[in-house]
Amino acid sequence: MITSDFDAFIDEFILSQEFLFLSSDVKEHAAGLLGSFAAACRRRGFAPDTFSIAALEEVLMNHLARLDTPLAVRRMVPKLLSSFFDYLTQSGRFPPAGAWTEWVTALDERYQEKFRDDGSVKGETFRKRYTDVNRNDPCPCGSGKKFKKCCMNIIS
């Protein structure tokens, strides 16, 4: 199921009644989120017959929590996955997914605690995207002058 059939199941789910009950924010991102879930499972080598709560936890906590989507949407990922897994079970597409719904419910609280108020994920290392420039360092603009004689007055 996590192979080529998964994309077809996502398309079917988006046309199903279960999908209609999701919030509009989640509906907008549902196909991408579920596709990202499938891709993360493929990359990690998780097959449906060997899928476990530990595998779901790894994908949920280490991949889906860090996606570049609004925080409100990322907080709804467990609900989306539960709805999708319920659809797979009730439609008969993949009955073992019923256990996956219980796993998502068990992991939901820990997943929600992973987010800070600003939307960042706890446990990520903060890295500056710039280097510090001191007064006597060469100016980063490339003029060849010292920073104090070139652009320091512009910035401060």
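Leaving aside neighbours within four places in sequence, which residues is T101 in contact with? The answer is S82, F85 and D86, where contact means heavy atoms within 4.5 Å.

Before going on, a quick word about what you're looking at. This is a predicted model, in which local features need pLDDT of at least 70 and side-chain atom pairs count only at pLDDT 80 or more, while totals for chains, interfaces and linings use all residues. Residues are numbered from 1 along each chain as its sequence is written, and side-chain values use heavy atoms, with hydrogens and water left out.

**T101 and its helix**

Back to T101, which sits in helix 7. Helices here are DSSP runs (H or I, at least four residues), numbered from the N terminus. T101 is buried, with a relative accessible area of 12%; buried means under 20%, exposed means over 50%, and partly exposed is in between, using a 1.4 Å probe and protein chains only. The T101 side chain also makes a polar contact with the side chain of D86, at 3.1 Å. A polar contact is a pair of N or O atoms within 3.5 Å; within protein, one must be able to donate a hydrogen and the other to accept it, and residues adjacent in sequence count only if both atoms are side-chain atoms.

**Helix 6 against helix 7**

Now zoom out a bit. Two packed helices are described by the angle between their axes and the distance between the axes. For helix 6 (residues 77-90) and helix 7 (residues 97-113), the axes come within 8 Å and cross at roughly 175 degrees. That makes helix 6 roughly antiparallel to helix 7, a label for angles over 145 degrees. The axes are lines fitted to C-alpha atoms over the stretch in contact, and angles run from 0 to 180 degrees between N-to-C directions.

Who does the touching? On the helix 6 side you'll find V77, P78, L81, S82, F85, D86, L88 and T89. They meet A97, G98, W100, T101, V104, T105, D108, Y111 and Q112 in helix 7. Sorted by class, this contact has nine nonpolar, six polar and two charged residues. Ala, Val, Leu, Ile, Met, Phe, Trp, Tyr, Cys and Pro count as nonpolar, Asp, Glu, Lys and Arg as charged, and the others, Gly among them, as polar.

**Salt bridges**

How many salt bridges does a search of the whole structure find? It finds three. A salt bridge is a side-chain nitrogen of Lys or Arg within 4 Å of a carboxyl oxygen of Asp or Glu.

| Salt bridge | Closest N to O |
|---|---|
| R93 and E12 | 2.5 Å |
| E58 and R44 | 2.8 Å |

R93 is partly exposed at 40% relative accessibility, and E12 is partly exposed at 27%.

E58 in helix 4 (residues 53-62) and R44 in helix 3 (residues 24-44) are 14 residues apart. E58 is partly exposed at 31%, and R44 is partly exposed at 29%.

E57 in helix 4 and R110 in helix 7 are 53 residues apart. E57 is partly exposed at 23%, and R110 is partly exposed at 45%.

**One more stop**

Finally, look at S24 in helix 3. S24 is exposed, with a relative accessible area of 56%. S24 and V73 are 49 residues apart in sequence and 9.8 Å apart in space, C-alpha to C-alpha.

Technical notes. Helix = DSSP H or I, 4+ residues; strand = E, 2+ residues; numbered from the N terminus. Parallel < 35°, antiparallel > 145°, perpendicular 65-115°, else oblique.
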